[in-house]
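This report covers helix packing, aromatic pairs and a few backbone features. Have the structure open while reading.

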Amino acid sequence: MLHGLKSLRTGIKYASSSVCTRGLTNTHCRTRIENGVGVLTFDTPDSKVNVLNEAFGADMKAAFEELRDAPEAKSIVLISGKHDCFIAGADIHMLAACKSKEEVQTLAEGGQQMIKAVEDCKKPVVAAISGSCMGGGLEVALGCHYRIALDQKKTALSLPEVMLGLLPGSGGTQRLPKLIGLPNALQMMLTGSPANAVKAKKFGLVNEVVKPLGPGIASPEELSLRFLEKAAIKVAGQLADGSMKKPSGKKKSFVARQSHNLPLHNSYVRNFVCKKAAEGVMKKTHGLYPAPLKIIDTVKNGLENPKTGYSTEASNFGDLAMTDESAALINIFFGKQQCEKNAWGKPERMPQNVAVLGAGLMGAGIATVSLEKFPKVVLKDISDTALSKGEDMVGDVFRKKVKRKKMTQFEMDRLMSSLVTETDYSRFNDIDIVIEAVFEDINLKHKIIKEVEAATPDHCIFASNTSALPITDLAKASIRPENFIGMHYFSPVDKMPLLEIITTDATSKETVSAAVEVGLKQKKTVIVVKDGPGFYTTRVIGALMGEAFACIQEGTSPVDLDKLFVKFGWPVGGATLVDEVGIDVAHKVTKYFLEVFGDRISAGDPKIIEELVQAGCLGRKSGKGIFLYGGSGKGKTRPINPVAQNILNRFKKEGQVAPSGEDVQWRTYMRSVNEAALCLQEEIIANPVDGNIGLIFGIGHCPQRGGPFQFLDTYGARQFVDKMRHYEETIGFRFEPAQIIIDYANSGKKFMK
């Protein structure tokens, strides 16, 4: 590693004696030659990131060829002018605009040719990596002869194409296995998980790691980027003059060489590794996503048939880009980006000081995601015992981050020491937003609202984290209804990405804007919905769980229900979902929904949930729900709770033939889609994008289908209406299709424009 004062002095000395010649400057790139080293800097103007599109590719090609052909440049360095982004990958809009496999394949071939020109360059080419180096960006780096990475938090090297239903299409499937070995390469490509600089060095993905610098005459980021560049120039010069040899990739120890080489060159070992990888993919995805298996096939083909490796990669890339699954995942990508911007504009007063009421699981979670972004966070509960438990939960999250090297011990200690815990309102005089996370009891919440408003300044926002209680009814206790809003977090708060913000007719635009800004600072994906029974996500879950209980009553076992859900694309089984939500919570929501919607949502007999609660079967949090928890059992091995099974048996419909597995899957899924459409029809959600993102990031709504509205476009509104009519005739009125879907079926319109 290059680090420390000695290296910095060397760099400064080197810089002071350098001879620098300015070269080409175009929109995305600029070049110069310093001490015989050509430096190509990527720097797309007015953008936080560099992305590979046709314009960027043309500019990079021109800049690279200029340095390649310049006799005074003996070697070349590729570096970004942005400290937190090398190249963030291909422009997804460019891919989404392609209408045929041939168009996409041509793009892939163009990328391959550009990177091949880098790889074939007679002059040594060094990649100096700082920040995100993803997808096509990493493929560019793989084409270089030497890679240096800056050891900073934002440096991340990855091939995340699988998350978009694609594979690395610019040579990544061919170069990566040879560089870091087949098992490591498959792991990176099949998960899309990033490697930081240190891990990348351990893999052999980068050759050298540079430590960042602290503050000085410029910002630490600027100084560190300059230092990285000087280190890269020095290495490039040494590679050019022969004082340093290009890395051979040969492992030092015999064991390391064998573990690297055997899967590459021994067909038996290679087939074994690929077979195990495919088995792992099938276990996790049930074959619902074509990209992972195609990645394995493409890598394997490249090792067995090197001459066709790159052409097969480009062809397979084109095939995948035309699949429904890729279209769905790309739309999720765009939707997530949309929901990570504040459509309500910047608030006039940005909340700085946050208070959280209730130190339970939700309250502690909200405090946790707030601590890193807000100067003052107060956690309040009624007793020191409750606060101590809440502090422990916050500390547990940070300790795990320290263990995974996502945070230093010093950073954890600083954050924990900044958390203010109180049993009264004495520290609320300068609070900008209060997020309430106490028990779902409207009378208790009304009492707390009055107490808080008496202790906080007039501008303070009151946000209730409720999953179903009407925000309009809660706001009746407020003397400042324009500052009242709902902020529905999902458990566990530090892991679940969605924040559902709920507005009333009285909520001001400033309050909505400020609440969205708070959510974004907490690194949440935010949707804003109107107040209504169950809002959006809880209402859809109600329809989903109601149909699931109806299937259980008709003879589907909880174990079979779980298996059928997972095989259809849900992240957890239907019965497990009920346990995760909490059967007591489901009971309260069901009672409320029965009052509002009648039997249309509940479907199953509501007395089932009532008796489960009376028997103490509250779900995972109590150690027993439909399943038993607390032992070593995981997933399908988790035992059924015999108490719950007895209750379910008593409510089983006599003489009823159990529905087929396919019917269980489609009934539950289509009920959830129909309820989402009703929410759009009633303007609970503002648009289909929010509808897709809310369900995917809130409840894991079968991502390979892209969310309810992407599914309706792909499956066809007419076909959906016909299938719902069939179920309506054979089962009942709860399958009546939403009028908005009927209208779209008749007009041929699409939800996702």
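Helix α22 (residues 558-568) and helix α28 (residues 661-681) have axes that come within 10 Å and cross at roughly 70 degrees. The axes are lines fitted to C-alpha atoms, for helices over the stretch in contact, and angles run from 0 to 180 degrees between N-to-C directions. Helices (H or I, at least four residues) and strands (E, at least two) are DSSP runs, numbered from the N terminus.

The model is predicted: local features need pLDDT of at least 70, side-chain atom pairs count only at pLDDT 80 or more, and totals for chains, interfaces and linings use all residues. Residues are numbered from 1 along each chain as its sequence is written, and side-chain values use heavy atoms, with hydrogens and water left out.

**Helix packing**

α22 and α28 are therefore roughly perpendicular to each other. Angles under 35 degrees count as roughly parallel, over 145 as roughly antiparallel, 65 to 115 as roughly perpendicular and the rest as oblique. α22 passes α28 in a right-handed crossing; right-handed means that the near helix is turned clockwise from the far one by less than a right angle, left-handed anticlockwise.

From α22, Leu561, Leu564, Phe565, Lys567 and Phe568 meet Gly661, Val664, Gln665, Trp666, Thr668 and Tyr669 of α28. Contact means heavy atoms within 4.5 Å. By class, this contact has seven nonpolar, three polar and one charged residue. Ala, Val, Leu, Ile, Met, Phe, Trp, Tyr, Cys and Pro count as nonpolar, Asp, Glu, Lys and Arg as charged, and the others, Gly among them, as polar.

A second pair is α4 (residues 101-119) with α13 (residues 309-321), packed at an angle of about 140 degrees with axes 8 Å apart. That makes α4 oblique to α13. Their crossing is right-handed. Residues in this contact include Val104, Ala108 and Gln112 of α4, and Tyr310, Phe317 and Ala321 of α13. The contact of α4 with α13 divides into six nonpolar, four polar and four charged residues.

**Aromatic pairs**

Rings of Phe, Tyr and Trp (its six-membered ring) pair if their centres lie within 6.5 Å; planes under 30 degrees apart count as stacked, over 60 as edge-to-face and the rest as tilted. By this rule there are 20 aromatic pairs. The ring centres of Phe593 and Phe597 are 5.5 Å apart and the planes are at 75 degrees, so the pair is edge-to-face. Phe593 and Phe597 lie four residues apart in helix α24 (residues 583-597), about one helical turn. Both are buried (under 20% relative accessible area; exposed is over 50%, partly exposed in between, with a 1.4 Å probe and protein chains only).

One aromatic cluster is formed by Phe565, Phe568, Trp570, Trp666, Tyr669, Phe711, Tyr715 and Phe720.

**A loop residue**

Ile626 sits in the loop between α26 (606-614) and α27 (642-650). At 1% relative accessibility, Ile626 counts as buried. Not counting residues up to four places away in sequence, Ile626 touches, among others, Phe549, Pro558, Ile583 and Ala644.

**Backbone features**

Lys405 is exposed, with a relative accessible area of 73%. The peptide bond from Ser491 to Pro492 is cis, with omega near -5 degrees. Pro492 lies in the loop between β16 (484-489) and β17 (498-503).
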